[in-house]
Amino acid sequence: QPTGELSWIHPFFTLSGILSRQKLWSNDETTDLVRQSEAISLLTRSTGYPVFKFRYDRNHAYNQNNRQERDTKEHRWQGIISQTIGRHDFYYSFTRRIDNNLVNNLKIAENQHIFRWNQTSMMIHNRLRFSSSYNFANRSQTTTRDGTEAVLRPNHFTPTLFSYDQTPEQG
């Protein structure tokens, strides 16, 4: 299971990359799972300015003896910006993840937004603390199969919550 990491720490940013390979196998040779991972990230280090972070991850897992049993790829992009202004902290994150199951041609694409705001104030000679925060999270997911065939069909929840009993006398 070799793993390697290389980082460049500059006064204004940090740039790093990671490579990893892991292999698991069984004595009866039915399982020969290989996991390969790569990642690269960039983080700004300037003071007085917003902090930016970008990260890309790629993971590939497959059964080396039989790829029809397992073969998946995942890609993930993430961008983060954070800033402290006075007693206010701001944070925003966007993540895009795509999972591909190559065995059954299933693709899952997901977007996620997260926003946070926090503030803390001290009053009455620093004896009373007043804190407030706001969190917002939004996540959307799309599941598709290769071609135009839909994987899941929408099911509206209202008809499943209420129904009209045609035979109330039967209990």
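1. Strand β3 and strand β4 (residues 51-63) run antiparallel and are joined by eleven bridges, where strands are DSSP runs of E of at least two residues, numbered from the N terminus, and two strands pair if DSSP finds at least two bridges between them. I40 stands opposite Y56 in β4. The two strands β3 and β4 form a hairpin with six residues between them, and G48 in its turn has a positive phi of about 85°.

2. This is a predicted model, in which local features need pLDDT of at least 70 and side-chain atom pairs count only at pLDDT 80 or more, while totals for chains, interfaces and linings use all residues. Residues are numbered from 1 along each chain as its sequence is written, and side-chain values use heavy atoms, with hydrogens and water left out.

3. Strand β3 (residues 32-44) also pairs with strand β2 (residues 13-25), in the antiparallel sense and over 13 bridges; there L24 has L33 in β3 as its bridge partner.

4. D71, in strand β5 (residues 71-85), is buried with a relative accessible area of 9%, buried meaning under 20%, exposed over 50% and partly exposed in between (1.4 Å probe, protein chains only). The side chains of D71 and H60 are joined by a polar contact of 2.8 Å, that is, a pair of N or O atoms within 3.5 Å, one able to donate a hydrogen and the other to accept it, with residues adjacent in sequence counting only if both atoms are side-chain atoms.

5. N101, in strand β6 (residues 88-101), is partly exposed at 25% relative accessibility, and the side chain of N101 reaches the backbone nitrogen of V103 at 3.0 Å.

Methods: Helices (H or I, at least four residues) and strands (E, at least two) are DSSP runs, numbered from the N terminus.
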